[in-house]
Amino acid sequence: MDNRESMEMYLESIYVLSQSNDIVRKIDVSKHMGFAKPSVTRGISLLEKNGLVTVDEVGNISFTDEGKKQAQKIYERHTVLTKMFVKLGVDEKTATEDACRVEHFISDKTFNAIKKHLNTYDK
């Protein structure tokens, strides 16, 4: 996994956790991702260095504007790709796992075409 993919995985996890929790901490991310806390600490540190999150004095993780924008983008990719795979007949578990892999590498052009097609299909 390259740094970009790793950062996207962390961003998406923080985003998902923030949808149901007011406070997200490293331990929450660790449990959600199934990673050891030292690995998560390194990952969050990388996000901080890149200006995507901040961590306050008590360990609460917050998005910067850019971090939230990127997190929403990667989460949208995940959900749209999962939906597409399910519509193609793939079971939910496999669709989710495959979407998680594809979301990091698909071009904006191809992703937008998929979204457009799915929106047309849903009408």
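Predicted model: local features only at pLDDT ≥ 70, side-chain atom pairs only at ≥ 80, totals over all residues.
Local features need pLDDT of at least 70, side-chain atom pairs count only at pLDDT 80 or more, and totals for chains, interfaces and linings use all residues. Residues are numbered from 1 along each chain as its sequence is written, and side-chain values use heavy atoms, with hydrogens and water left out.

Trainee: Between which two helices is the loop that holds Glu 103?

Mentor: Helices here are DSSP runs (H or I, at least four residues), numbered from the N terminus. The loop with Glu 103 lies between helix H5 (92-102) and helix H6 (108-122).

Trainee: Which side chain of opposite charge is nearest to Glu 103?

Mentor: Glu 103 is buried, meaning under 20% relative accessible area with a 1.4 Å probe, protein chains only. Glu 103 has no salt bridge; that would take a side-chain nitrogen of Lys or Arg within 4 Å of a carboxyl oxygen of Asp or Glu. Lys and Arg count as positive, Asp and Glu as negative, and His and the chain ends are not counted. The nearest opposite charge, 8.1 Å away, is on Arg 77.

Trainee: Which helix gives the most to the lining of the largest pocket?

Mentor: A pocket is an open set of points on a 1 Å grid over the protein atoms alone, where a 1.4 Å probe fits, with protein on both sides within 12 Å along at least five of seven lines; lining residues have an atom within 4 Å of a point. H1 (3-20), H2 (26-33), H4 (65-87) and H5 each supply at least two lining residues. The top contributor, with five, is H1.

Trainee: Which helices each supply at least two residues of the second largest pocket's lining?

Mentor: That lining includes Arg 4, Arg 77 and Glu 103. The helices that each supply at least two residues are H1 and H4.

Technical notes:
Buried < 20%, exposed > 50% of the residue type's maximum accessible area, 1.4 Å probe, protein only.
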